[in-house]
Amino acid sequence: MRTLLLLVSASVMVFLAACRQPSGTDAAVAGAQPDYRTTATVKDIMDALVDPGSDVLWDSVETIVSAKGTEEKAPHTDEEWKNVRNHAIMLLEATNLLQIPGRHVAKPGEKADDPKVELSPDQIEEMINKDRASWIKFATKLHDATMESFKAIEAKDAEKLLDTGDGIDNACENCHLQYWYPNERKPESAPSQRKSE
């Protein structure tokens with residue numbers, strides 16, 4: 001009887017182990033599946049998420065001066081705040097999408113709009129691949145700057161939202177000066193030298 005119980009227990013354990021372990025074919029297929037499928041390019045994410053997201057945040061609070069007078073613009077209703085909040089989330093998550101490995105900068109063969117000013121997508125991608133840590137750092141800085149705007153939105157603080165816009169602008173511009181149009185970077189001014197008298 002004891003031998004029979006041992007055999008039954010062993011059989012059950014083998015059966016359970018077989019259920020938990022994928023077959024060789026299943027394991028190969030599971031191992032071959034990438035964690036992410038990067039359908040959109042960096043340019044796509046910029047055009048579809050980063051640009052419209054940041055534009056809504058920047059334009060949500062402003063002072064408009066015209067012949068009719070001065071108009072103060074800011075979100076007031078729950079619906080207006082919700083719209084700004086949605087665009088902040090769009091921008092926040094875009095920074096995460098930009099960090100996913102294997103994402104190309106642009107479609108194959110795509111060229112710079114103005115080659116005299118901008119690097120080509122291939123040059124940008126080469127720079128990113130050589131130093132991904134810097135690319136991640138730039139994306140993180142945009143995320144952090146956007147979080148400041150997000151906190152202002154959650155508090156429905158229009159003045160704070162206006163104040164945080166520069167942080168997003170600086171994060172974007174610093175990244176663009178690194179990867180998109182590095183030749184536009186202003187040279188650091190040389191230390192002034194006084195003539196001895």
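This is a predicted model: local features need pLDDT of at least 70, side-chain atom pairs count only at pLDDT 80 or more; totals for chains, interfaces and linings use all residues.
How are helix 3 and helix 4 oriented to each other, oblique or roughly parallel?

Residues are numbered from 1 along each chain as its sequence is written, and side-chain values use heavy atoms, with hydrogens and water left out.

So, the overview. The chain has 7 helices and 2 strands, where helices are DSSP runs of H or I with at least four residues, strands are runs of E with at least two, and both are numbered from the N terminus. Reading from the N terminus, you get α-α-α-β-β-α-α-α-α. Of the 197 residues, 27% are buried (under 20% relative accessible area, with exposed being over 50% and partly exposed in between, using a 1.4 Å probe and protein chains only). Contact, for us, is heavy atoms within 4.5 Å. Take the contacts between residues at least 6 apart in sequence, and 69% of them join residues at least 24 apart.

Back to my opening. The axes of helix 3 and helix 4 come within 8 Å and cross at roughly 140 degrees. Axes here are lines fitted to C-alpha atoms, for helices over the stretch in contact, and angles run from 0 to 180 degrees between N-to-C directions. So helix 3 and helix 4 are oblique to each other: under 35 degrees is roughly parallel, over 145 roughly antiparallel, 65 to 115 roughly perpendicular, and the rest oblique. The contact of helix 3 with helix 4 has 13 nonpolar, 5 polar and no charged residues. For those classes, Ala, Val, Leu, Ile, Met, Phe, Trp, Tyr, Cys and Pro are nonpolar, Asp, Glu, Lys and Arg are charged, and the others, Gly among them, are polar.

Which residues touch the most other members of the largest nonpolar core? Of its 31 residues, they are Leu57, Trp135, Ile153, Leu161, Ile168 and Tyr179. A nonpolar core, by the way, is a set of buried Ala, Val, Leu, Ile, Met, Phe, Trp, Tyr and Cys residues joined through side-chain atoms within 4.5 Å. Helix 6 gives the most to this core, with 7 residues. If you click on Leu57, its contacts include Val84, Ala88, Ile153 and Ile168, leaving aside residues up to four places away in sequence.

Thr164 sits in helix 7 and counts as buried, at 8% relative accessibility. Lys156, in the loop between helix 6 and helix 7, has a positive phi of about 55 degrees although it is not a glycine. Most residues other than glycine have a negative phi. Lys156 is also partly exposed, with a relative accessible area of 45%. Finally, Arg132 in helix 6 is 33 residues from Gln99 in sequence and 8.7 Å away in space, C-alpha to C-alpha.
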